[in-house]
Amino acid sequence: MTSSNPDDDVPEGAGILRIDPWLSPFKYDLVKRHKTAVDWIDRLERDEGGIVQFAQGYSNFGLHVLANGDIVYREWAPNAVDASIIGDFNNWNRGQHRMTKDDYGVWSITLPSNNGVPLIPHDTKIKIALTLPNGAQVDRLPAWIKRVTQDLSVSPVYDARFWNPPQPYQWKHDNVTRAQRHPLSAKIYEAHVGISTSELRVGTYNEFTRDTLPRIHKLGYNVIQLMAIMEHAYYASFGYQVTSFFAVSSRYGTPEDLKNLVDEAHRLGMTVLLDVVHSHACKNVLDGINMFDGTDYQYFHGGPKGYHSLWDSRLFNYGKYEVLRFLLSNLRFYIDEYHFDGFRFDGVTSMLYTHHGIGTGFSGGYHEYFGDDKVDPEAINYLILANYMLHKLDPNIITIAEDVSGMPGLCVPMELGGVGFDYRLAMAIPDMWIKLLKEVNDDDWDMGKIVYELTNRRYKEKTVSYAESHDQALVGDKTLAFWLMDKEMYTNMSVLSELTPIIDRGIALHKLIRLISHTLGGEAYLNFEGNEFGHPEWLDFPREGNGNSFWYARRQWNVLDDNLLRYKYLNEFDSAMQHTEETYGWLRSDPAYVSLKHEGDKMIVFERAGLLFIFNFHPTQSFADYRVGVQVPGKYQIVLDSDEDKFGGHARIDHGKSEFFTTPFAWNGRDNFIQVYIPSRVALVLAKVD
């Protein structure tokens with residue numbers, strides 16, 4: 001089908017060509033994937049009452065207590081020939097409560113109440129017992145179970161529990177709607193509940209609510225992205241080996257504790273995102289969904305196609321009807337049950353391509369993003385349907401793709417031929433900073449390459465910029481602060497000790513790296529918990545290789561809270577960045593105009609959101625009366641100065657005398673210029689004030 005405009009040869013489902021005509025050779029690939037998604041949406045409208053209703057499978061599958069106290073349990077296990085529910089409630093008797101199977105492979109049973117009291121007591125253990133065609137008997141945790149617990153003193157294998165608390169959680173702040181707290185400029189704080197304590201143990205939801213939420217709010221972040229919430233068997237997997245998709249991790253507390261965390265974040269006006277893992281699943285059988293009904297192809301592709309060699313995990317078959325129901329319902333479940341406001345989709349690159357990104361680089365050539373030999377059409381269709389369903393449910397829901405490939409159209413609406421994400425992560429930016437710090441002398445930093453990497457994003461597709469995330473801090477690497485200052489962080493971070501050249505450089509560059517990533521790199525900004533104050537060392541979870549130590553699996557808030565340590569300066573500067581952005585809104589503004597990339601002076605100058613940004617990366621050279629171009633004439637004043645003493649700087653600029661008046665003379669492609677004093681390793685942000 002073509003457009004109704006006779007002069008427009010852009011077919012339906014390929015409207016992205018109006019944004020990027022270079023995609024024209026692949027317009028029929030775009031049309032094909034768009035048609036596939038539309039056909040699925042039409043099919044679900046016809047057969048399920050619509051995709052939003054289809055995604056409410058969690059209200060039908062799993063265990064549910066009816067108003068009269070009866071319990072209904074449904075489970076999809078098409079290969080099984082017999083099934084029963086077993087548990088503490090029936091002394092694990094396989095023959096007592098047998099289930100019946102329908103034509104679609106769904107087993108079900110209704111357990112009558114005892115005078116209105118559910119037959120299965122709250123918080124008691126249960127399983128589904130299956131008999132396979134070969135006569136083998138296996139026990140599984142229900143795939144849709146909402147609560148599983150682990151007792152490592154007994155076994156690492158999880159137990160499923162019937163969760164039916166006598167007092168359901170009462171939401172206190174539903175009056176603050178998702179639309180009201182939807183961020184115009186998303187400033188994202190990526191956090192892991194378990195490591196959010198300074199103590200050598202796993203932190204809790206309640207502790208995070210009490211201790212960490214106020215810190216995040218005070219800093220000025222308006223979005224929290226929670227990692228490792230979906231239950232995972234191995235703590236050191238960082239939450240990326242999910243076993244029970246509908247159960248939130250019991251390591252940190254109860255489901256009600258997590259609801260209270262989200263509720264309190266909403267009271268503070270913050271949006272809460274879940275780091276969702278639909279790119280793969282843990283290969284565990286006893287407490288996962290692998291081999292659930294005795295086949296390797298129930299939820300996943302069978303054979304080698306269903307195995308991720310790098311992650312040692314199972315790969316979903318996104319073309320299956322019930323797999324789509326399971327995954328789409330999983331998304332809606334976290335929106336409905338826990339009131340999350342959106343998702344960061346993990347491992348999107350692995351999903352998009354048949355090679356899963358293993359051993360493959362991306363040059364940016366469009367041929368890399370299309371063709372059945374490269375891309376997985378069923379996975380792309382799932383991602384399109386997921387974004388379509390979520391935004392149909394609520395247009396204020398936020399979705400972010402973790403994709404390193406740069407696939408065109410990932411953040412373009414479905415109707416234009418895109419996948420429909422709101423943002424993608426700028427994964428090349430933190431890699432650039434680590435590479436510079438590890439391999440390149442300060443004198444040899446290439447200003448042009450820095451600007452290119454920070455601005456190299458697709459037109460009209462929003463990007464989340466960040467200087468470092470959890471990936472950069474995992475064992476084998478180090479935080480930016482540790483790359484900058486290393487062992488001197490142990491000896492010279494006290495204000496009572498000598499300010500050494502290494503600490504001075506580290507504090508200065510830490511601020512510049514974060515500010516330029518924030519202001520030039522995207523339409524949203526992300527920080528990983530603790531990095532705002534220069535968290536030392538690296539991140540490593542308890543495992544056999546480190547003696548099961550929690551030493552690196554925690555956040556050392558103590559170094560921030562000690563007023564005699566210089567970490568406070570970095571924290572103060574990070575807060576100033578967030579609050580200055582809130583005032584001027586550069587993240588929600590058009591991309592910056594870069595007027596200067598001077599290799600000799602190590603200067604970068606650009607304008608965005610009516611502000612003038614001046615960065616001097618030179619390690620030794622300060623400049624008096626440095627001339628920079630600016631488009632809009634008038635009087636300018638400094639609104640952010642990385643050299644202020646409260647940020648650990650040297651206070652070389654007298655703000656009382658810092659008014660800058662433009663001269664109407666073209667400079668660096670701008671109609672006017674001003675002259676400023678810009679010390680070495682300092683960034684200034686100027687705003688027009690008349």
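In this predicted model, the second largest pocket holds about 520 Å³ of space. Its lining comprises 24 residues, of which Lys-460, Lys-462, Glu-523, Ser-589 and Pro-591 are the closest to the pocket centre. By class, the lining of the second largest pocket divides into twelve nonpolar, three polar and nine charged residues.

Most residues other than glycine have a negative phi. Lys-460, however, has a positive phi, near 70 degrees. Lys-460 belongs to the loop between helix H10 (447-455) and strand S20 (463-465). Its relative accessibility is 56%, so Lys-460 counts as exposed, the cut-off for that class being over 50%.

A positive phi is also found at Met-291, near 55 degrees. This residue is placed in the loop between strand S14 (271-276) and strand S15 (307-308). With a relative accessible area of 28%, Met-291 is classed as partly exposed, because the value falls between the 20% limit for buried residues and the 50% limit for exposed ones.

The largest pocket has a volume of about 1100 Å³. Its lining is made up of 50 residues, and the closest to its centre are Thr-349, Asp-403, Val-404, Ser-405 and Met-427. Two or more lining residues come from each of helix H7 (348-352), strand S19 (423-425), helix H9 (428-439), H10 and helix H11 (470-473). H10 gives the most to this lining, with three residues; the loop that holds Lys-460 lies between H10 and S20. The lining of the largest pocket contains 22 nonpolar, 17 polar and eleven charged residues.

Helix H15 (residues 567-584) has 18 residues. The buried residues of H15 are Tyr-567, Tyr-569, Leu-570, Asn-571, Phe-573, Asp-574, Ser-575, Ala-576, Met-577, Gln-578, Thr-580 and Glu-581. An α-helix has 3.6 residues a turn, so residues three or four places apart point the same way. The buried residues of H15 pack against the helices H4 (205-219), H13 (501-520) and H14 (557-561), and against the strands S10 (186-192), S21 (524-528) and S26 (635-641). After H15 comes Gly-585, with a positive phi near 70 degrees.

Key: Residues are numbered from 1 along each chain as its sequence is written. This is a predicted model: local features need pLDDT of at least 70, side-chain atom pairs count only at pLDDT 80 or more; totals for chains, interfaces and linings use all residues. Side-chain values use heavy atoms; hydrogens and water are left out. Helices (H or I, at least four residues) and strands (E, at least two) are DSSP runs, numbered from the N terminus. Buried means under 20% relative accessible area, exposed over 50%, partly exposed in between (1.4 Å probe, protein chains only). On a 1 Å grid over the protein atoms alone, a cavity is a set of points where a 1.4 Å probe fits but cannot get out, and a pocket is an open set with protein on both sides within 12 Å along at least five of seven lines; lining residues have an atom within 4 Å of a point. Grid points are joined across faces, edges and corners, and a volume is the space filled by probe spheres set on the points. Ala, Val, Leu, Ile, Met, Phe, Trp, Tyr, Cys and Pro count as nonpolar, Asp, Glu, Lys and Arg as charged, and the others, Gly among them, as polar. The expected span of a helix is 1.5 Å times one less than its number of residues. Contact means heavy atoms within 4.5 Å.
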